[in-house]
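Here is a short briefing on charged side chains that pair up. Look at the structure first, then read the points below.

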Amino acid sequence: MTVDHLNKLLLEGSAILLIAVVAVRLASRSGLPSLLLYLGIGMAIGQNGLGVTFDNAELTQVLGYAALVVILAEGGLKTSWREIRPVLPAATALATVGVGISVFVTAADAHLLVGLDWRLSLLLGAVVSSTDAAAVFSVLRTVPLPARLSGLLEAESGFNDAPVVILVVAFATTGPLDSWYVLLGTILMELAIGAVVGLAVGKLGAYALRQIALPASGLYPIAVLALTSLAYAAGALLHGSGFLAVYVSAVLLGNAKLPHGPAVRGFADGLAWIGQIGMFVLLGLLCTPATMGSAVLPALVIGAVLVLLARPLSVLLTLTPFRLPWREQALLSWAGLRGAVPIVLATIPLVGGVPDAREAFNIVFVLVVVFTLVQGPTLPWLARRLRISAGALGHDLEIESAPLERLRGQLLSVALAPDSRISGVEVGELRLPPGAAVTLVVRDDKSFVPDRTTVLRSGDELLVVTTDAVGEATERRLRAVDRGGKLAGWLYGK
């Protein structure tokens with residue numbers, strides 16, 4: 001590549017990114033899922049549009065995997081352990097047993113109704129049975145669901161990529177299929193390895209970042225994203241699930257109260273957007289609209305069975321033992337959103353030279369586009385009809401911690417959300433532990449030093465100085481008052 005090639009590449013890439021950013025704004029106003037607009041951009045500049053020829057399925061698969069790593073890391077960093085911990089068993093069951101039920105029902109439909117052979121039917125069933133993390137995370141930012149449901153959907157979308165990838169790779173081989181118990185053993189082993197690697201990297205990485213004060217705040221986001229990538233690579237090289245490893249490590253790091261947490265999450269959010277845009281545009285480039293006419297009817301039939309039978313049945317059979325109300329099960333059945341993950345997985349048989357792989361890719365592409373267009377915009381409406389809502393979207397208390405290494409202390413920047421229950425509380429009523437003090441309040445772009453009787457208001461930003469010994473206790477106290485008001489935990493530490 002020459003400098004001239006680089007200049008042209010930067011021009012084209014920046015133009016696509018800017019168009020994609022504008023597309024996000026249009027999508028938010030119209031209610032259309034942004035992934036469809038990204039796919040449309042790719043198709044518009046492809047060989048049936050502006051004439052750009054791109055048919056490298058292997059490169060698309062590799063870059064798609066890289067984008068999924070970043071997307072899962074960003075989702076894990078923003079996942080609240082407090083929300084997913086109560087639903088972890090249910091999410092695990094839905095992401096494993098539920099996936100198996102969905103694969104079998106969808107494969108039977110593809111074989112009996114569409115006439116595909118069993119090998120291709122099982123491959124299609126596995127490809128489309130994984131919910132998409134990017135689609136789920138983006139929808140949950142706009143739909144005010146109760147914490148239990150949003151936590152379950154987040155955990156499921158983070159967990160279910162792992163077993164699905166194993167099944168797709170197994171069904172895409174050209175040799176004889178392994179016995180069911182061999183596949184089951186492989187899935188369990190890879191999940192266990194991925195979970196152990198994710199736990200190890202997350203725990204050790206969080207401990208190291210708390211002990212080592214980095215010289216610049218911008219290094220913390222880089223270190224955290226490097227740790228999540230390390231978890232993926234280590235898990236994959238140890239023949240485990242790299243996707244599970246990256247998600248587990250990100251959840252641990254995101255809930256470890258590391259310094260400069262908001263900056264870390266903001267950096268990961270930006271990278272995830274770039275990953276989504278690049279992945280969807282590439283997938284749009286890879287498709288050939290002129291050859292997809294024959295895939296429309298099979299995609300509609302398979303998609304209808306997947307959405308109306310396979311997904312509801314998997315939710316019913318796996319979550320009924322957990323005593324979820326039928327309204328919540330109905331919403332979870334409709335919230336099994338597909339996105340880039342099935343299309344990326346559909347490149348695996350393309351790369352492997354599986355017979356009829358192009359037909360399978362076209363079916364998956366049409367299915368994802370049509371049913372994302374149907375499910376995404378109607379999910380908020382269904383939540384209202386089922387009377388499942390958490391009211392207005394809540395905002396977690398934003399606390400950014402900066403270590404003061406030589407002073408053996410920490411500087412906490414605390415931003416009060418509009419619905420924070422700290423509003424109306426006097427500084428003295430916060431009852432911060434000894435060794436912590438509110439030193440500055442920024443209100444309406446003006447700053448002042450408060451006293452114990454200063455009443456805090458929504459929108460205030462507080463600067464709190466603590467010693468290292470009480471840093472975590474101070475954060476816990478602030479979050480408790482943010483959720484419960486000034487009487488939260490009247491006896492400190494309880």
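The notes below cover the salt bridges, pair by pair.

This is a predicted model. The structure holds five salt bridges.

**Lys78 and Asp269**
- Asp269 pairs with Lys78 in a salt bridge, and their closest N and O atoms are 3.4 Å apart.
- Asp269 sits in helix H13 (residues 261-286) and Lys78 in helix H3 (residues 57-78), so this pair ties together parts that are 191 residues apart in sequence.
- Asp269 is partly exposed, because its relative accessibility is 21% and the buried class ends under 20%.
- Lys78 also counts as partly exposed, at 37% relative accessibility.
- A network of salt bridges links Lys78, Asp269 and Glu74.

**Glu156 and Arg311**
- Glu156 forms a salt bridge with Arg311, with 2.6 Å between the closest N and O atoms.
- Glu156 belongs to helix H8 (residues 147-159) and Arg311 to helix H14 (residues 296-319), so the pair ties together parts that are 155 residues apart in sequence.
- Glu156 is buried, at 2% relative accessibility.
- Arg311 is buried too, with a relative accessible area of 4%.

**Arg443 and Asp460**
- A salt bridge joins the side chains of Arg443 and Asp460, at 2.8 Å from N to O.
- Arg443 is in strand E3 (residues 436-443), while Asp460 is in the loop between strand E4 (446-448) and strand E5 (461-467), so the pair ties together parts that are 17 residues apart in sequence.
- Both Arg443 and Asp460 are buried.

Technical notes. Residues are numbered from 1 along each chain as its sequence is written. This is a predicted model: local features need pLDDT of at least 70, side-chain atom pairs count only at pLDDT 80 or more; totals for chains, interfaces and linings use all residues. Side-chain values use heavy atoms; hydrogens and water are left out. A salt bridge is a side-chain nitrogen of Lys or Arg within 4 Å of a carboxyl oxygen of Asp or Glu. Helices (H or I, at least four residues) and strands (E, at least two) are DSSP runs, numbered from the N terminus. Buried means under 20% relative accessible area, exposed over 50%, partly exposed in between (1.4 Å probe, protein chains only).
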